[in-house]
Amino acid sequence: MKKIILLIILFIPINIFALETPELNSNKFIIYDVTSKEVLNEFKAYENTSIASLTKIMTTITALEKINDLEKSVTITSEMLNNIYWNASLAGLKVGDTLTYKDLLYASILPSGADATHALAYTLSGNIDNFLIEMNNLAKRIGLENTNFSNVIGLDNKNNYSTLYDIARLLSYALENETFKEIYTAKDYTLSNNLEVKSTLLLFNKNMNLDISRIIGSKTGHTNNAGYCLSSLIKSNNHDIIIITGGASKIDNNYYHLIDTIKLIEYTDELIKEKEEKIRIEQEALKKIEEQEKLKQNRLIKIEKNKLYINHTLVIGSVFIFCLFIILICKPKKRK
């Protein structure tokens, strides 16, 4: 009976989504546990969507995997800076600037520089189209089934799309590269031309003064179709967690992709606590079952030993009685 009760306890699922999801301005989000490779919670994370400058995560890791020497110099040309959308984020690169590949990678992620991503594409693949082929090939290799890139910047285009789930998997993959992780988690960096670039996260938080200390690394994005997006890396109870939000608004100079992410960080802490509690209960139940099985085995062993002892006693007794009987019948009778 005890075993049956323990089995029932073990297999009753503890819903880690029992916590009420915080009210968000973002119209989609995902919380992805990098440590256990599982989705902790999501909303519309599997729907195709515009991803704005989250595209540059793929641009940067694709470039990084092609670069043999991070310190190799690159000279910025007018061709690299042509055909950049007028409203795109820029790092501030100028024609004639001499920079390293490492500079361009930082300039691509921190200030979300379209000029830097164009420079990487031209220097590494000859032109944008060739580089896009490599971006899409990497997406297939990683297994991003609902992702396609048609530009290296993240401009709204029906052929430049992904899902938050795919982006979470992409970011998880990219973070395995130590150089990418170093760049993604930086807040500022000084390029070889002495130009200082800073994370756009700092820009968005400049007037809000939110506590962003829990955000280890980030990449922001914004277009009309994508809204305000934010990918973040955090730590929660020794778990590496990726949080991605999309479709947020700017209201009265408040950027809700950042506000929502902070809400989701606190929510994630509670999710992880519930998850760990579930594991603890399951482990305790398994331990009790194992103890019950051990006691049962010990009882069976004892019973078998008792049976063996009784059998041995019966055999010895039987032999004794038989011998006694033989002695009695073979004993010479006294003569009268």
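**Exercise 1.** In which strand is the place of N254? State also whether N254 is buried, partly exposed or exposed, and which residues it touches.

*Solution.* The model is predicted. Step one: N254 belongs to strand β11, which covers residues 254–255. Step two: the relative accessible area of N254 is 27%. Buried would require under 20% and exposed over 50%, so N254 is partly exposed. Step three: apart from neighbours within four places in sequence, N254 contacts M208, S249 and I259. Step four: the C-alpha atom of N254 lies 8.2 Å from that of N207, although the two residues are 47 apart along the chain.

**Exercise 2.** Give the order of the strands in the five-stranded open sheet, and name its edge strands.

*Solution.* Step one: the order is β2-β1-β9-β8-β7, with antiparallel pairing. Step two: β2 (38–43) and β7 are the edge strands, since each pairs on one side only. Step three: from one strand to the next, the twist averages 10°.

**Exercise 3.** Describe how β8 pairs with β7 and with β9.

*Solution.* Step one: β7 and β8 (residues 227–236) are antiparallel and share seven bridges. A hairpin of three residues joins β7 to β8. Within this pair, S218 stands opposite S232 of β8. Step two: β8 and β9 (residues 239–248) are also antiparallel, over eight bridges. Here L233 has I242 in β9 as its bridge partner. Step three: the loop between β8 and β9 contains N238. N238 has a relative accessibility of 68% and counts as exposed. Its phi is near 70°, a positive value in a residue other than glycine. Most residues other than glycine have a negative phi.

**Exercise 4.** Where does S112 lie, and with which side chains does the side chain of S112 make polar contacts?

*Solution.* Step one: S112 is in the loop between α4 (101–109) and α5 (114–125). Step two: its relative accessible area is 2%, so S112 is buried. Step three: the side chain of S112 makes a polar contact of 3.1 Å with that of K56, and another of 2.8 Å with the side chain of K219. Step four: beyond neighbours within four places in sequence, the contacts of S112 include S53, S89, L90, A107, T200 and T220. Step five: phi of S112 is near 60°, a positive value in a residue other than glycine.

**Exercise 5.** What is the mean pLDDT of the protein chain, and over which residues is the pLDDT below 50?

*Solution.* Step one: the mean pLDDT is 89, and 90% of the residues reach 70 or more. Step two: the pLDDT is below 50 over residues 12–17, a stretch with eleven contacts beyond near neighbours in sequence in the model. Step three: where pLDDT is low, the predicted coordinates should not be read in detail.

Terms used: Residues are numbered from 1 along each chain as its sequence is written. This is a predicted model: local features need pLDDT of at least 70, side-chain atom pairs count only at pLDDT 80 or more; totals for chains, interfaces and linings use all residues. Side-chain values use heavy atoms; hydrogens and water are left out. Two strands pair if DSSP finds at least two bridges between them. Helices (H or I, at least four residues) and strands (E, at least two) are DSSP runs, numbered from the N terminus. Buried means under 20% relative accessible area, exposed over 50%, partly exposed in between (1.4 Å probe, protein chains only). A polar contact is a pair of N or O atoms within 3.5 Å; within protein, one must be able to donate a hydrogen and the other to accept it, and residues adjacent in sequence count only if both atoms are side-chain atoms. Contact means heavy atoms within 4.5 Å. Axes are lines fitted to C-alpha atoms, for helices over the stretch in contact, and angles run from 0 to 180 degrees between N-to-C directions. pLDDT is the predictor's confidence in each residue, from 0 to 100.
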